[in-house]
Amino acid sequence: MSPLPVVILPHAKADIGSSAQFFDQARPGYGQMFIRQLYFTLHHIREFPESCQRFRGECRRAILHRFHHAVVYRCLQDRIEIVGVMDDRRDADRWQVRTGE
């Protein structure tokens, strides 16, 4: 069976852009490192969607190495939806709004 497509929802796309910009302003080149680590993590999610820990309800969370960020996603029958990419140290209620759980 081939891997499911990964769909990045609009809020998650905005998260990625703002996080990369934040890291690049803090330390030039760090934004690009963040993006590379994110794509590595998305590839892992696509290949092994059930391998990450359950987070809220049907959502799962994959931690980005070297960054305090996590990718929250849900596995559907026809795709994997990326719900958010946010600082893992933030208030959990923010995740709850995104996941609807």
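This is a predicted model: local features need pLDDT of at least 70, side-chain atom pairs count only at pLDDT 80 or more; totals for chains, interfaces and linings use all residues.

Student: In what order do the elements of the chain run from the N terminus on?

Tutor: Helices (H or I, at least four residues) and strands (E, at least two) are taken as DSSP runs and numbered from the N terminus. On that basis the chain has three helices and five strands. Read from the N terminus on, their order is β-α-α-β-β-β-β-α.

Student: What percentage of the residues of the chain count as buried?

Tutor: A residue is buried under 20% relative accessible area, exposed over 50% and partly exposed in between, with a 1.4 Å probe and protein chains only. Applied to the 101 residues of the chain, this gives a buried share of 41%.

Student: What span should the residues of H1 have, and how far apart are its end C-alpha atoms?

Tutor: The expected span of a helix is 1.5 Å times one less than its number of residues. H1 has 17 residues and should therefore span 24 Å, which agrees with the separation of its end C-alpha atoms, 24 Å.

Student: Within what arc do the buried residues of H1 fall?

Tutor: The buried residues of H1 are Ala12, Asp15, Ile16, Ser19, Ala20 and Phe23. Seen down the axis of H1, and taking the arc as that of the directions from the helix axis to the C-beta atoms, these residues line one face of the helix because they fall within an arc of 120°. On the other side of H1, the exposed residues are Pro10, His11, Lys13, Phe22 and Gln25.

Student: Which elements do the buried residues of H2 pack against?

Tutor: In H2, the buried residues are Tyr30, Gly31, Phe34, Ile35, Gln37, Leu38, Thr41, Leu42 and Ile45. They cover an arc of only 165° around the axis, which puts them on the same side of H2, whereas Arg36, Tyr39 and Phe40 are exposed on the other side. With contact meaning heavy atoms within 4.5 Å, the partners of the buried residues are strand E1 (6–8), helix H1 (10–26), strand E3 (59–63), strand E4 (69–75) and strand E5 (80–87).

Student: Are H1 and H2 parallel or oblique to each other?

Tutor: Axes here are lines fitted to C-alpha atoms, for helices over the stretch in contact, and angles run from 0 to 180 degrees between N-to-C directions. H1 and H2 pack at an angle of about 140°, with their axes 6 Å apart. Angles under 35 degrees count as roughly parallel, over 145 as roughly antiparallel, 65 to 115 as roughly perpendicular and the rest as oblique, and H1 and H2 are therefore oblique.

Student: Which residues of H2 does H1 meet?

Tutor: From the side of H1, the residues involved are Ile16, Ser19, Ala20, Phe23 and Asp24, and they meet Tyr30, Gly31, Gln32, Phe34, Ile35 and Leu38 in H2.

Student: Is serine 19 buried or exposed, and which residues does it touch?

Tutor: Serine 19 is found in helix H1, and its relative accessible area of 9% makes it buried. Not counting residues up to four places away in sequence, serine 19 touches Phe34, His69 and Val85.

Student: Which residues is aspartate 24 in contact with?

Tutor: Aspartate 24 is in helix H1 and is partly exposed, with a relative accessible area of 37%. Its C-alpha atom is separated by 8.9 Å from that of phenylalanine 34, 10 residues apart along the chain. Leaving aside neighbours within four places in sequence, aspartate 24 is in contact with Gly29, Tyr30, Gly31 and Gln32.

Student: Which residues does histidine 68 touch?

Tutor: Histidine 68 is found in the loop between E3 and E4 and counts as partly exposed at 48% relative accessibility. The C-alpha atoms of histidine 68 and aspartate 87, 19 residues apart along the chain, are separated by 5.5 Å. Not counting residues up to four places away in sequence, histidine 68 touches Met86, Asp87, Asp88 and Arg89.

Technical notes
Residues are numbered from 1 along each chain as its sequence is written. Side-chain values use heavy atoms; hydrogens and water are left out.
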